Amino acid sequence: MKITLNQDPAFPETEVIINCPQADEDILRLVAMLRIHQKKLVGTLEGEQHLLDVRDILYIDTVDKRTFLYTGKTVYECALRLYELEDGLQNLDFLRVGRSAIVNFRRIRSIRPELGGRLLLTMENGEQLYVSRQYAVAMKEKLREVERSILR
């Protein structure tokens, strides 16, 4: 792979152009990582790629080494791995809730404590997800942050 960086103050904005014979999985992953910086994710549905605003994503889940983006009504497949998405979305109120899931904190409708230190989340679309004990501490800290911000 050849990488070239051209810097010139005359350029009105940053433009990334990828020239390749065919967009393989590595290229699609690179494009997806660049989109996160624009607060967009690329999701594939029925062979078509869709540009999704991260605010529309309720949660992200992995099944059989495949990553899925869940919006209110639709499920898209994503080329990125869960850890890559976690790194790119951590400053956008996305939290890890288990080994295979990340949720958009802003899209949670309710949180209920469960036996064994777990939490049960109900998302805006009514779907329910469990927060494992390991990640429940971070979720509770996020709730305290919200409460403190209201009091300021």
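**Cysteines**

I started with sulfur: the closest cysteine sulfur to that of Cys78 is in Cys20, 18 Å away, so the two are too far apart for a bond. Read from the other end, the sulfur of Cys20 has Cys78 as its closest cysteine partner, again at 18 Å. My disulfide count is therefore zero, because a disulfide needs a pair of cysteine sulfur atoms within 2.5 Å. Cys78 is buried at 5% relative accessibility, whereas Cys20 is partly exposed at 33%. For these labels, buried means under 20% relative accessible area, exposed means over 50%, and partly exposed is in between, with a 1.4 Å probe and protein chains only.

**Ground rules**

I remind myself that this is a predicted model, where local features need pLDDT of at least 70, side-chain atom pairs count only at pLDDT 80 or more, and totals for chains, interfaces and linings use all residues. Residues are numbered from 1 along each chain as its sequence is written, and side-chain values use heavy atoms, with hydrogens and water left out.

**Overall layout**

I logged three helices and 10 strands for the protein chain. Helices are DSSP runs of H or I with at least four residues, strands are runs of E with at least two, and both are numbered from the N terminus. From the N terminus on, the order reads α-β-β-β-β-β-α-β-β-β-β-β-α. The C-alpha atoms fill a box of roughly 55 × 40 × 25 Å along the principal axes. Of the 152 residues, 34% count as buried. I also looked at contacts, meaning heavy atoms within 4.5 Å. Among those with a separation of 6 or more, 39% come from residues 24 or more positions apart.

**Strands**

Which order do the strands take in the open sheet of three? I read S8-S9-S10, with antiparallel pairing. The edges are S8 (108-113) and S10 (128-131), each of which pairs on one side only. On average, neighbouring strands here are turned by 25° against each other, direction ignored. That angle uses axes that are lines fitted to C-alpha atoms, for helices over the stretch in contact, and angles run from 0 to 180 degrees between N-to-C directions. To count as paired, two strands need at least two bridges between them from DSSP.

Zooming in, I found four bridges joining S9 (residues 119-123) to S10, antiparallel. Leu120 stands opposite Tyr130 in S10.

Next I went to S1 (residues 40-45) and S2 (residues 48-53), which run antiparallel and are joined by six bridges. Leu45 has Glu48 in S2 as its bridge partner. S1 and S2 make a hairpin with two residues between them, and Glu46 in the turn has a positive phi of about 50°.

**Thr67**

Is Thr67 buried or exposed? I get buried, with a relative accessible area of 2%. Thr67 sits in strand S4 (residues 66-70). A polar atom of its side chain lies 2.9 Å from the backbone oxygen of Leu80. Leaving out residues up to four places away in sequence, Thr67 touches a set that includes Ile60, Tyr76, Cys78, Leu80 and Leu85.

**Salt bridges**

How many salt bridges does the structure hold? I noted 10, each one a side-chain nitrogen of Lys or Arg within 4 Å of a carboxyl oxygen of Asp or Glu.

Arg106 bridges to Asp93, with the closest N and O atoms 2.8 Å apart. This pair links distant parts of the chain, 13 residues apart: Arg106 is in the loop between S7 (101-104) and S8, Asp93 in the loop between helix H2 (82-89) and S6 (94-98). Arg106 is exposed at 60%, but Asp93 is buried at 16%. I also see Asp93, Arg106, Lys142 and Glu145 linked in a network of salt bridges.

Arg107 and Glu124 meet at 2.5 Å, N to O. Arg107 is in the S7-S8 loop and Glu124 in the S9-S10 loop, so the pair ties together parts 17 residues apart in sequence. Arg107 is buried at 18%, while Glu124 is partly exposed at 38%.

Last one: Arg144 and Glu141 form a salt bridge at 3.4 Å, N to O. Both lie in helix H3 (residues 133-151), three residues apart, about one turn of the helix. Arg144 is partly exposed at 38%, and Glu141 is partly exposed at 31%.

Terms used:
A polar contact is a pair of N or O atoms within 3.5 Å; within protein, one must be able to donate a hydrogen and the other to accept it, and residues adjacent in sequence count only if both atoms are side-chain atoms.
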